[in-house]
Amino acid sequence: VLTAQRAMSAFVIAAGLVGIYFFLQQTLFKRARCKSPVRLLGKTVIITGGNTGIGKATALELARRGARVVLACRNRQKAEAAICDIRRETGNSEVVFMELDLASLQSVRSFAETFLKTEPRLDLLINNAVQGLVADGRTTDGFGVEFGVNHLGHFLLTCLLLDRLKEGGSGRVITVSSIAHIWGKINFENMMSNKDLGTGKYSWQFFQAYCNSKLCNVLFIHELAKRLKGTNVTCYCVHPGIVRTELSRHVSLWQKVFIEPVARLLFLDAEAGAQTTLHCALQEGIEPLSGRYFSLCVFKEVGAKARDDAVARKLWEVSERLTGLA
């Protein structure tokens, strides 16, 4: 009788785990696919951090559709390896590297200056490069890396390239955010005094700073859309899903022991993670949704703090001062 009870208990536990697995696959780890057939012959795209992960998967698909793709990356060696892969898989030779270190505002300015001198058009700007969940250190300009890279670097880059985007027929800006923005908060006093989005050295404090930076992304796109009204440029913010490449780059060894098995079982691969970015880059008819947040290739409502007009406007003004635009 005892053996039968143990067997039944084991069966119930196993069935419960299987049920949880399938539930998570259909909710938190659900997949979607970009269905747009649009071709991009004659169009030019910039993808920051396009040498690995979601960025590389995005670059691969856009190159496959005929775009000229500029990989804006810090590491030349990794970028050139990615370019070789993309050219080989797509047959598109119009995939090039341009050096960009988002942790340096001077590098952002140099990139923009070089691009504007050498490239006659820009149709898509994909702000993809991000610092991970547990990233320490400071940028060249003294900002916390998550603040400096995830928000300020992309903010400056976008502003410097807006005129070129407006010159085309229908430019788009896509910024990769995260569902983590729902845990974010904006502390302007700390932002100005500490040049960061958080304080402390513990993993949870770095995670909080990451969430704060992702909220900055959503608010940036919210305000950008308002400033682009009356132009032919639209902008979108995306949650790519929970992707393996996002979590494991900056965590410690003991954290990887817990994260990696779950990641391999449940998390999305880079190709799946690129689908919502591709949807916002390619899908026709979404122009009225400029400034909105997308997940699983569909528009999703965000909470009140992620669409606060006053906070979004102040974040823009503070970002202009911190990047030297004002």
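Buried means under 20% relative accessible area, exposed means over 50%, and partly exposed lies in between, with a 1.4 Å probe and protein chains only. At 49% relative accessibility, Trp 183 therefore counts as partly exposed.

Before going further, a word on what you are looking at. This is a predicted model, in which local features need pLDDT of at least 70 and side-chain atom pairs count only at pLDDT 80 or more, while totals for chains, interfaces and linings use all residues. Residues are numbered from 1 along each chain as its sequence is written, and side-chain values use heavy atoms, with hydrogens and water left out.

**The chain as a whole**

The protein chain has 12 helices and 8 strands. These are DSSP runs numbered from the N terminus: helices are H or I runs of at least four residues, and strands are E runs of at least two. Of the 326 residues in the protein chain, 52% are buried. The accessible surface of the chain comes to about 15,300 Å², and carbon and sulfur atoms account for 56% of that. Such areas come from the Shrake-Rupley method with a 1.4 Å probe; for residues, only the protein chains shown count as cover.

Contacts tell you how the chain folds back on itself. Contact means heavy atoms within 4.5 Å. Among contacts in the protein chain with a separation of 6 or more, 79% are between residues 24 or more positions apart.

**A nonpolar patch**

Let us return to Trp 183. This residue sits in the loop between strand E5 (172–176) and helix H6 (188–194). Together with Ile 182 and Phe 207, Trp 183 makes a nonpolar surface patch of about 300 Å². Patches are made of residues with over 30% relative accessible area and no salt bridge; like charges are joined within 9 Å, and nonpolar side chains (Val, Leu, Ile, Met, Phe, Trp, Tyr) within 5 Å.

**A buried histidine**

His 154 belongs to helix H5 (residues 145–167). With a relative accessible area of 3%, His 154 is buried. Which residues are in contact with His 154, leaving aside its neighbours within four places in sequence? They are Thr 48, Leu 102, Asn 127, Asn 128, Ala 129 and Val 149. The side chains of His 154 and Thr 48 are also joined by a polar contact of 2.9 Å. A polar contact is a pair of N or O atoms within 3.5 Å; within protein, one must be able to donate a hydrogen and the other to accept it, and residues adjacent in sequence count only if both atoms are side-chain atoms.

**Salt bridges**

A salt bridge is a side-chain nitrogen of Lys or Arg within 4 Å of a carboxyl oxygen of Asp or Glu. A search of the whole structure finds 16 of them. The table shows some examples.

| Salt bridge | Closest N and O atoms |
|---|---|
| Glu 61 and Arg 64 | 2.9 Å |
| Lys 117 and Glu 113 | 3.2 Å |
| Asp 309 and Lys 226 | 3.5 Å |

Glu 61 and Arg 64 both lie in helix H2 (residues 53–64), 3 residues apart, about one turn of the helix. Glu 61 is buried at 18% relative accessibility, whereas Arg 64 is partly exposed at 37%.

Lys 117 and Glu 113 both lie in helix H4 (residues 105–118), 4 residues apart, again about one turn of the helix. Here Lys 117 is exposed, with a relative accessible area of 66%, and Glu 113 is partly exposed at 43%.

Asp 309 lies in helix H12 (residues 309–323) and Lys 226 in helix H7 (residues 203–227), so this pair ties together parts that are 83 residues apart in sequence. Asp 309 is partly exposed, with a relative accessible area of 36%, and Lys 226 is partly exposed at 36%. Elsewhere, salt bridges that share partners join Lys 56, Asp 85 and Arg 88 into one network.

A disulfide is a covalent bond between the sulfur atoms of two cysteines. The rule used here asks for a pair of cysteine sulfur atoms within 2.5 Å, and the count comes to 0 disulfides. Cys 235 is buried at 0% relative accessible area, and Cys 297 is buried at 8%.
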